[in-house]
Amino acid sequence: MPPPGMNLSQVRKQYVQLNPVNAVSNGQFSSKSGIPLIKFDISASQAPMFLQGDELRINGRITTNTSAGAPLTNTADNFVDNFCGRFANCIDTVTISSKRLNQVIERVNNYWRIVPSVVSSIHGNEDINTVLAHEGDHFETNFLGRHSLVAQDAGAKGKSFSSKLYCGVLNSGQMMDLSVNGLGGLVIEILLKPDVSVVFGDDASTNNVTYFLSNLTLTCPLYHMDSGAAPAQQAFNFNSLSTVFQTINSSTSVVALTPGLKQVSSIFCNFMNTAEIGNQSRNSARLGNIGEVRALRYSINGALYPLSYRLLTNEEDNNLTTTHHTYRARTMIDRNYLEAVNINRFSETGRTCLAWNKWNAGVVNRSQTQNNNGLEQGTAAGIGILYDSFGTGEDLSQTVFSFELEASGDDLDGTAAKSQGVYMCFLNKNQIVMSAQGISVVR
Amino acid sequence: MASPSDVSNQDYQELEGQLPDLLTPDARQRAVNVSVETNILEPVSHQYTSSGGGVTRFVLPAKGVLNAPSAALCFEVINGEAAGEGVDSNLAFQISVGGVAMIRRITVRCGGQILSRVDECALYNMIKNQFKSQQYRENVLDVRHSSCNALSTKILPNPAGSAAQAGFTLGKGLVGYHQLANPELDQLNSYGSIPMTAGNVTHGKQRNKLLRNFNLRGTGPECAIRLADIIPFFVRNQLPLLGMAQVEIECEWHRGPAAATALNAINQAPVVLDNPVAGGAGATTGHNITFAQPPFLSLDYLHYDEDEQAKIMAGIQNGSYRFNFTEVVVTKGINPEYTGAGGTDGPVESNHLLGMMGKEVKKIYVVKNWDVNSTQGAAEKDNQYAGCFTHRNTQLWDTKSAAIHGEKYNWIVNNERIYNMDVDQGALAHHYMNHCEDNFQVLPGQYDTLDFNQDVVNVLANTDYDGIVDNTNNTSCITQRFMGGCANVVGLNLDKYNEMGNARGNGTRISSAPIEFRYTVNKANTGAGATERRAAINLTFFIEHRRSLIINSLGVSVSDI
């Protein structure tokens, strides 16, 4: 929506297409055959100029090859995580900075772990197969994604993508003033992942499959306004995505930390076996199965909060197998997870992939390492808790947040190591305050 | 998109007519007494023949307030025009828009003046439907229109070489292990769904969507088409018929095939075969159609208390009411035939001047279809590119928009180039199409085909149970053949904010310099019939612009201001 008080006749819309400012001679970006950092620079203007962040797209082509430079075979075990999609799978970190005083506004680490949770929680299969398939090449299953993963044209380039960036500042619903009196322009930096954790599968590992990005552009609509057409923007609110990596090693594990954030709306976590991180045979973006959960509780400073009770499951009682399978029965955990990712009450959840009978995430009876090779029915598990969908969020700047996950016997992950990587994401309300003296980000 | 210097909004200033809250339901914040009268309105005239098409006219009585968003056009079409015809029950509506394919043009008049007219109605509806979610198309529109937009994920249950259900992971080495299928083009056993008693892929449509024969007229699928789905004017407005001159709705129908025309001689029709690969279908005749009975309108009239009606009438007498609405204009262009020597390929460029001076343009859509009626087009009309029927498609006919090799485009509006680099990547073109409304929700393989790369379109079902790509045999899935590369519409959004709808100034006022569309594709004179792509391409432009309907004591007028 336009800024309040704006006159439509004084607005001029411009579609901009920008190339990376750090392009190399071959136009390729990757951890192996180009440079791993992509940098876009959106300049400032004198008159008010607003950016519609949710329409910002990174466009280009992704090409995947064996280490010998050969195209991939369409029947081999080469995959990218279906929820993460081809493009997000390549990204490690996204940093968005204001050019005014070189102030970092938001940095999203572990980007490839956040996107699968977001996509599988707020979209159904129909959305993924129609809209998201064209954007970041998300697909309902890994096998559906394999078709475009292996495609190359006559110039040995892969299929195009046009993906949004899953960052809070770009998806706040507010327009950002990029003029010299506002943010003073933006710098967007995208750090790419190493080859070993992008394309996965047994054949990908055998052939040391690599990737590169090319033909990159950033596109977005900008709104130029006559001076005085809109009141100067003085503050801008958004939810940032802050991530923390932890591990848990036993069937009753507590993760406790002080996030240092003042206005936390929600927290969500997803899991995968630590033994699979950095293993090209395994899916590094997998939303792992966690284990056979008995109970889950959330606390602040040791007291149960915001739920004053534990979330119990009867998975153990329903387990029909003897070797590391989970009969999935964790409705309340799922409910709170969806609330956390959506930052909204459960009654407002409209779509999700957490079905009971779909290939991608709805299998009731699954092994602990389900689909880590890309071949099996998938999982979309996670845990999360919503603190505040309306107000200013929970102050965790001085307090200790913790959750305790209790799994049955030896079924934390079904492997000897029993170690699970926990990717925690804190959604924190932020405010950018702009004045003649500069800008500041209140977290 | 700067404001034009020679035509500006200031040239068109006038006092806004204020609408009463009764005619703007979103704004109404008080309780009023209202009775709703739902009527079946029969046409004042109706004629139709399969070989000639037809026209139906409705005259709306001047009473109450018409709840335009709920108005629906209802009809049943049958196969055969005389007793005994159409007994094979082998016809259904075109799969993407269903019964809307019958409508060629629809016009709304008031006092003899055209308020709104939509040409190429079915094609326009094809575009607009893709902005609806897959769930809505499948669960709402398919029921109303007898269209076939369902989607299923095909997962081979019984991979090649297995005599029994051998486990799902065994299909991992097959291209066709996981694919997307339209269940009304392909029925087969799949993950969690084993409806077939044998390992066969069949291609029929639901029985309830098949047209009945002449003798069984009145028992077949009835289409109920919301006028708001095909006429933007009806989306939000409520018309005070009690204070307006006589309102007429005229519907011009597409013609169907002549009874004696064989299927393989048909290039365009509103109906398609139930099973497009049935043996001998190409030579079949008897595909003529007619209406089971005259179409009718289902209308809701809102009757307010007399004092509320008096307020409406007083408003008309004392000033004017202004309804801002979206009108759509259709114009056409041609990307010419490739004339290069045999064995060559190259770009074919075309520039298209669209005019629209002084109009406030909101969106532009470009539909592309190969000209299959020209000599060259006829020669290559049954070609498949990576298996996809993008020329003559017997399940979509021309109610589609074909992806083309080497496509790139740009726009010039008010003497400014819209994109500083030509749009030549499919995903980006799709994103710019998304700009026009929320999301253009077509299937992968329907839009960006990477110049008909077989791997890309393999996401749509094209194999038998052996999982091997097969674009020829009838025992394999055909979803990819008929849907691949067939929803590639180019879009440009000239609205500043979609949320502002038809607010004045939200679109882009066009100067005396016409809108220009620069379009380039790659065509080839291969010398081999099956891979030729030389023919001309017909471009159909749908240009949405804002208009205003003004009702005052002098009558009704429509203006661009």
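Tutor: A convention first: two strands pair if DSSP finds at least two bridges between them. The model discussed here is predicted.

Student: Where does that matter in chain B, and how many bridges join strand E20 to E21(B)?

Tutor: Strand E20 (residues 408-413) of chain B is joined to E21(B) by 2 bridges, and the two strands run antiparallel. Within this pair, B:Ile412 stands opposite B:Arg417 of E21(B).

Student: Which strands make up the open sheet, and in what order?

Tutor: The open sheet has 4 strands in the order E18-E24-E20-E21 (chain B), and the pairing is antiparallel.

Student: Which are the edge strands?

Tutor: The edges are strand E18 (344-355) and strand E21 (416-417) of chain B, each of which pairs on one side only.

Student: What holds strands of a sheet together in general?

Tutor: Strands of a sheet pair through backbone hydrogen bonds, either parallel or antiparallel.

Student: Let us pick a residue. Where is B:Phe517 placed, and is B:Phe517 buried or exposed?

Tutor: B:Phe517 belongs to strand E24 (residues 515-525) of chain B. B:Phe517 counts as buried because it has 23 C-beta neighbours inside 10 Å, and the cut-off for buried is 20 or more.

Student: Which residues is B:Phe517 in contact with, leaving aside neighbours within four places in sequence?

Tutor: The contacts are B:His352, B:Leu354, B:Val366, B:Tyr409 and B:Trp411. As for B:Leu354, it is 163 residues from B:Phe517 in sequence, while the C-alpha atoms of the two are 7.7 Å apart in space.

Student: Now the domains of chain B. What are their bounds?

Tutor: Domain 1 of chain B is assigned 1-20 + 322-449 + 484-561, and domain 2 is assigned 32-148 + 208-318. Their centres, taken over C-alpha atoms, are separated by 25 Å. In the contact between them, domain 1 of chain B takes part with 36 residues and domain 2 of chain B with 39 residues.

Student: Which strand gives the most to the side of domain 1 of chain B that touches domain 2 of chain B?

Tutor: E17(B) gives the most to that side, with 6 residues. By class, the residues of that side of domain 1 of chain B are 19 nonpolar, 11 polar and 6 charged.

Student: Turning to chain A, how many helices and strands does it have?

Tutor: Chain A has 7 helices and 23 strands. Buried residues account for 54% of its 443 residues.

Student: What is the radius of gyration of chain A?

Tutor: The value for chain A is 22 Å, which agrees with a compact globule, because a globule of 443 residues would have a radius of gyration near 22 Å. Along the principal axes, the C-alpha atoms of chain A fill a box of roughly 70 × 60 × 35 Å.

Student: And how is chain A divided into domains?

Tutor: Chain A has domain 1 (8-233) and domain 2 (237-431), with C-alpha centres 26 Å apart. Of domain 1 of chain A, 39 residues are in contact with 35 residues of domain 2 of chain A. On the domain 1 side of that contact, H2(A) provides the largest share, 9 residues. That side divides into 14 nonpolar, 18 polar and 7 charged residues.

Student: Which way do the residues of strand E7 of chain A point?

Tutor: In strand E7 (residues 160-163) of chain A, A:Ser160 and A:Ser162 point one way and A:Phe161 and A:Ser163 the other, and all are buried. In a regular strand the side chains alternate between the two faces of the sheet. Strand E4 (residues 57-65) of chain A is joined to E7(A) by 4 bridges in an antiparallel arrangement, and the bridge partner of A:Asn59 is A:Ser162.

Student: Which residues touch the most other members in the largest nonpolar core?

Tutor: They are A:Ile267, A:Cys425, B:Val100, B:Ile103 and B:Ile230, in a core of 252 residues. Strand E22 (residues 420-435) of chain A gives the most to this core, with 8 residues. Not counting residues up to four places away in sequence, A:Cys425 touches A:Ile114, A:Leu241, A:Thr243, A:Ile267 and A:Phe268.

Student: Finally, how many residues of each chain take part in the contact between chain B and chain A?

Tutor: Chain B contributes 52 residues and chain A contributes 41 residues. On the side of chain B, the largest share comes from H6(B), with 6 residues.

Conventions
Residues numbered from 1 in each chain as written. Chains lettered and ligands numbered in written order. Predicted model: local features only at pLDDT ≥ 70, side-chain atom pairs only at ≥ 80, totals over all residues. Core = buried A, V, L, I, M, F, W, Y, C linked by C-beta atoms within 7 Å. Buried ≥ 20, exposed ≤ 12 C-beta atoms within 10 Å, placed from the backbone. Contact = placed C-beta atoms within 7 Å. Domains from an automatic or database assignment. Nonpolar A, V, L, I, M, F, W, Y, C, P; charged D, E, K, R; others polar. Rg over C-alpha atoms; globule rule 2.2 N^0.38 Å.
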